[in-house]
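Subject: Structure handover and notes

Dear colleague,

I am handing over the structure below, together with notes on what was found in it. Please read the notes with the model open beside them.

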Amino acid sequence: MTAEIDFNSTTENKKSRYEEFTRKLEALIYNEHDEVSVMANVSSALKETFGFFWVGFYIVKDNILSLGPFQGSVACYRIKKGNGVCGTAWERKETIVVPDVERFPGHIACSQLSKSEIVVPLLRQGDVAAVLDIDSDRLDSFDDTDKSCLEHICRLVSANIYSGQ
């Protein structure tokens, strides 16, 4: 059934596109609790719907962020807490929006084509279990709409895959 969900959107308004995406995502991940499987489909659906340059997850394993499912070019395997945008979002337990990655102290450049970035933590019982990392090949691609909508999406994903843990 889930393979039949079409994530292509005809809606022009960004907030409306996120709302439509979220409805479809809820159906896609309903009753699926495997972390890697859900993250793989969420990455794919976000990239397909919004055309982001890179979309993926880093999962906390042995006190380090390890590369999880993603869509896009080759990425860094591991990120330490506090390093780069992903490690900083993990350390602060908060979403970080970076309009220009060249201006972010300690930015980890997995691709020279990345220009802006947003990283959203996924929480499990109050601790960061993973982060959603989205890169754009344009400057200043992410705004408050992206932030609030992606935080909502990450809460849905977290509740779905970590609810029994």
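Predicted model: local features only at pLDDT ≥ 70, side-chain atom pairs only at ≥ 80, totals over all residues.

Strand β6 is mostly covered, since nine of its 10 residues are buried, where buried means under 20% relative accessible area, exposed means over 50%, and partly exposed lies in between (1.4 Å probe, protein chains only). Residues are numbered from 1 along each chain as its sequence is written, and side-chain values use heavy atoms, with hydrogens and water left out.

Strand β6 has two partners to describe, where two strands pair if DSSP finds at least two bridges between them. It is joined to strand β5 (residues 116–124) by nine bridges, the two running antiparallel, and it pairs with strand β1 (residues 54–61), also in the antiparallel sense, over six bridges. Leu132 of β6 shows both pairings, for it is the bridge partner of Phe57 and also has Val120 standing opposite. The hairpin of β5 and β6 has two residues between the strands, and Gln125 in this hairpin takes a positive phi near 50°.

Asp133 also lies in β6, which covers residues 127–136. A salt bridge is a side-chain nitrogen of Lys or Arg within 4 Å of a carboxyl oxygen of Asp or Glu. Leaving aside neighbours within four places in sequence, the residues in contact with Asp133 include Trp54, Tyr58, Cys86 and Glu117, contact meaning heavy atoms within 4.5 Å.

Across the whole structure, the search finds eight salt bridges. One of them joins the side chains of Lys14 and Asp143 at 3.1 Å, N to O. Because Lys14 lies in helix α1 (residues 14–29) and Asp143 in the loop between β6 and α4 (144–162), this pair ties together parts that are 129 residues apart in sequence. Lys14 is partly exposed, with a relative accessible area of 29%, and Asp143 is likewise partly exposed, at 34%. Lys14, Asp143 and Asp146 are linked in a network of salt bridges.

A further salt bridge, at 3.1 Å from N to O, is formed by the side chains of Glu20 and Lys24, which both lie in α1, four residues apart, or about one turn of the helix. Glu20 is buried, with a relative accessible area of 14%. Asp100 and Arg103 also meet through their side chains in a salt bridge of 3.4 Å, N to O, and Arg103 counts as exposed at 71% relative accessibility.

As for the rest of α1, its buried residues, among them Tyr18, Phe21 and Leu25, pack against α2 (35–50) and α4. After the helix comes Asn31, whose phi is positive, near 65°.

With best wishes
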